[in-house]
Amino acid sequence: MIKRSFIGLAKPKLEYGSLEDTPSLKQIPTSKEITLLSKCPFDKKNLLFKKKETVKTGQKLLLYKERDEYVVSSVTGQVSSISSYTGDFGRSYTAITIVVADDEEIDDEFKDISKDSSLETIKNFLAFAPGNPPVKLFSDKDKSINTIVVCCADSDLLITTNRYVVKSDIDAIKNGISILKTATGINDIIMVASQSQMHALSTTGEKVNQVNDTYPSALPHLIMKNILGKTVPAGKNPEDIGVCFISAEAVASIGNAFNSNQIPVTKIITLVNKDGSKALVSARIGTPASDIFKAFNITLNENDRIIFGGPMTGSSVYSEDHPVQPDTDAIIIQDSDDIQFISDYPCTNCGDCIRVCPANIQINLLVRFLEAGQYEEAADQYDLYSCIECGLCSYVCVSGMPIFQYIRSAKYELDRANTAEATNNG
Ligand code: SF4
Ligand code: SF4
């Protein structure tokens, strides 16, 4: 998440990126070592594979006994470590590091089964594909998905991943939609796109709805409200009311997987350099960010910041070796001179945050409870859960308060407390 000063994103109009100002795609050479991150907490006792095992490109690696979480190896090589990895807010992940072999071999488990493009096959092999297809949602009995929204516009600023995929791989998107319809039985497909994409998408034969070019109109909650005419209740997500959001890149991954009989393993990323210049990058999932920087001769200085994700909703990472993940749409490098460090100025009640908030939250009141760590009061009395996480409040705050970090941290802590309570109650 960035502050107002970053590369001249002046209010009031924050426009989404366009492909026109992005150079052609650069392929990053395969790294010597890659790291696959699973959101599953590390659990050494129940691991299903060990160090030194060899893996092939496209091989599904089931992680733990009696759990269905898996990653897909994006390279051929030998597992050199399996360890715990600490992410945002202290979340625990499982990290599998693979030393890449000279010769590549493609795993054929998916090839053998890919004639069957059923929901089971999609669920069992494509959850780790580029774009992170939300495959589990379709068989989640609590969700009852009846509409699929395909996001062809990118949800955060500066990102051009979905725009690139729409421009370069429309046939894979068509194939992916057709497979999804058959596999899920859902025919209510809604495409959401920016004006410049409308023509290309008209060939899909699906309903295409135009999203406004101004941030944050391509965020799911606003698409729900402005295009589908549905309000997502506070604290809920679109899938809780039967709508599944999936990116154009994820749909193309599904289309390409069944077309080529191989699980796709390369991710399209928008790289934003310190001077604001952009590049489109194709890198294997698991590639350390440092290898991408090397390919562009980018040198990081002390206190420069690396952000994974878009400028409004992304998160800082603290290592140049942080790996590309299936949902890494952007990597942004912010020069230390451009970083507006968090201030300890108090809220001046200027009201700017309230004026920009698309959820109409009284943020000046909410922030007082968040600063004091009174999260339950913030949720019960000051609409914490109405926040749709656009980051605009932090962007405009004249006092430089880290409002968005407070909000995310509060939601994370409340979720953790609720999960612990549910576990204790059996
Ligand atoms: S991030 Fe801030 S501006 Fe955006 S919805 Fe939440 S409270 Fe409102
Ligand atoms: S923008 Fe910042 S200073 Fe102004 S009311 Fe909101 S929190 Fe307070």
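Select ligand 2 first: helix α10 provides three residues of the shell around it, the largest share. A residue joins that shell when its C-beta atom, placed from the backbone, lies within 6 Å of the molecule. Helices here are DSSP runs of H or I with at least four residues, strands are runs of E with at least two, and both are numbered from the N terminus.

Before you go on, note that this is a predicted model, in which local features need pLDDT of at least 70 and side-chain atom pairs count only at pLDDT 80 or more, while totals for chains, interfaces and linings use all residues. Residues are numbered from 1 along each chain as its sequence is written, and chains are lettered from A and ligands numbered from 1 in the order in which they are written.

**Stop 1: around the ligand**

Which residues come closest to ligand 2? Show C347, C350, C353, N364 and C397, the closest of the 16 residues that surround the ligand.

Next, pick I403. Its contacts, leaving aside neighbours within four places in sequence, are C353, I363, V367, C393, S394 and C397; a contact means that two C-beta atoms, placed from the backbone, lie within 7 Å.

**Stop 2: the nonpolar core**

I403 leads on to the largest nonpolar core, which has 113 residues. Together with V150, C152, V192 and V251, I403 touches the most other members. Such a core is a set of buried Ala, Val, Leu, Ile, Met, Phe, Trp, Tyr and Cys residues joined through C-beta atoms within 7 Å. Buried means that 20 or more other C-beta atoms lie within 10 Å of a residue's own; exposed means 12 or fewer, and partly exposed is in between, with C-beta atoms placed from the backbone. Select helix α7 (residues 248-260) next: with seven residues, α7 gives the most to this core. In soluble globular proteins, nonpolar side chains tend to be buried together.

For another covered element, select helix α3 (residues 161-168), where six of the eight residues are buried. They are T161, N162, R163, Y164, V165 and V166.

**Stop 3: the parallel sheet**

Now display the open sheet of four strands, ordered β10-β9-β8-β11 and paired in parallel; pairing requires at least two DSSP bridges between two strands. Because β10 and β11 (243-247) are at the edges with a single partner strand each, one side of each has no neighbour in the sheet. Neighbouring strands are turned by 25° against each other on average, direction ignored; the axes are lines fitted to C-alpha atoms, for helices over the stretch in contact, and angles run from 0 to 180 degrees between N-to-C directions.

Zoom in on β8 (residues 147-151), which runs parallel to β11 and is joined to it by five bridges. Here V149 is opposite F245 in β11.

**Stop 4: antiparallel strands**

Move to β14 (305-308). β14 pairs with β16 (residues 330-334) in the antiparallel sense over four bridges, with I307 opposite I332. Three bridges join β14 to β15 (residues 315-317), also running antiparallel, and I306 faces V317 there. The hairpin of β14 and β15 has six residues between the strands, and G309 takes a positive phi near 110°.

Leaving aside neighbours within four places in sequence, L271 contacts K278, A279, V281, I292, F296 and I331.

**Stop 5**

Most residues other than glycine have a negative phi, and most peptide bonds are trans. Now look for the exceptions:

- K52 has a positive phi of about 80°, sits in the loop between β2 (33-38) and β3 (54-55), and counts as exposed because it has 9 C-beta neighbours inside 10 Å.
- N297 has a positive phi of about 55°, lies in the loop between α8 (289-295) and β14, and is exposed, with 7 C-beta neighbours inside 10 Å.
- The peptide bond from Y215 to P216 is cis, with omega near 5°; P216 is in the loop between β10 (207-210) and α6 (220-226).
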